[in-house]
Amino acid sequence: MAQQSLPGGEIFIVDDDQSVRDALSVVFTLEGYHVTSFGDGHTFLAAARARTPACILLDVHMPGPSGLDILKELNAQHYGAPIFIISGRGDIPMAVDAIKNGALDFIEKPFDAVTVVSRVREAVEAWTRRAANDDSPDIMSMHFRDHQSLTPREREVLAQIAGGASNKEAGRCLGISPRTIEVHRARIMEKLGAKNAADLVRIVLSEGRTQP
């Protein structure tokens, strides 16, 4: 019962490094979250299928299945909570792959507590806000060239772009970094064959039609 009364909700921390788990647990507990930590992917997957936390922080390098393998196993594109990948500076290509496979965003090591808490809080708030009241352009129900190739999150980003939002504004609305917005934007443009942002908007607005 005490878990339900905590204002921040539950955070899952998945990292094989005990010191990282302990440090993040202390930080988030002090911020009013209930923290459950896991040292391996299999134990985490069992818990994540049994209940949905407010947010997940998942290390990209794990014993056994990697962070990428875990994202695929969890079907992260359709999971009911934001997932952050924790990566080192040399793991950026892997972090980008993680975003393609459903991670919301990535946090680079070394990180400071204030930044991690702030980014998680923004992501949780944005996630909750969109679930309660999605007031973005109705890209989800529009049909345009290769629209089926876009993931749900790419459609959310596209809705922001089509609405004229900058990377910073889109990131703030969706609870992710402008850098990650750029990753999604590049993927969307590649999938839709757009030469630039203006061409992207033209494809959506000129070819798109709302499904009855």
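A: What follows goes through the salt bridges of this predicted model pair by pair.

The structure contains 10 salt bridges. In one of them, the side chains of K109 and D15 meet with an N to O distance of 3.8 Å. K109 sits in the loop between β5 (105–108) and α6 (113–132), while D15 sits in the loop between β1 (10–14) and α2 (18–30), so this pair ties together parts that are 94 residues apart in sequence. D15 is buried, at 0% relative accessibility, whereas K109 is partly exposed, at 26%. The pair also belongs to a network of salt bridges that links D15, D59 and K109.

A further salt bridge joins R179 to E108, with 2.7 Å between the closest N and O atoms. Here R179 belongs to helix α9 (residues 178–192) and E108 to strand β5, so the contact ties together parts that are 71 residues apart in sequence. R179 has a relative accessible area of 46% and is therefore partly exposed.

Helix α9 also carries R187, which forms a salt bridge with E154, the closest N and O atoms being 3.6 Å apart. E154 lies in helix α7 (residues 152–162), so this pair ties together parts that are 33 residues apart in sequence. The two partners fall on either side of the 20% cut-off for burial: E154 is buried, at 2% relative accessibility, and R187 is partly exposed, with a relative accessible area of 22%.

How values were computed: Residues are numbered from 1 along each chain as its sequence is written. This is a predicted model: local features need pLDDT of at least 70, side-chain atom pairs count only at pLDDT 80 or more; totals for chains, interfaces and linings use all residues. Side-chain values use heavy atoms; hydrogens and water are left out. A salt bridge is a side-chain nitrogen of Lys or Arg within 4 Å of a carboxyl oxygen of Asp or Glu. Helices (H or I, at least four residues) and strands (E, at least two) are DSSP runs, numbered from the N terminus. Buried means under 20% relative accessible area, exposed over 50%, partly exposed in between (1.4 Å probe, protein chains only).
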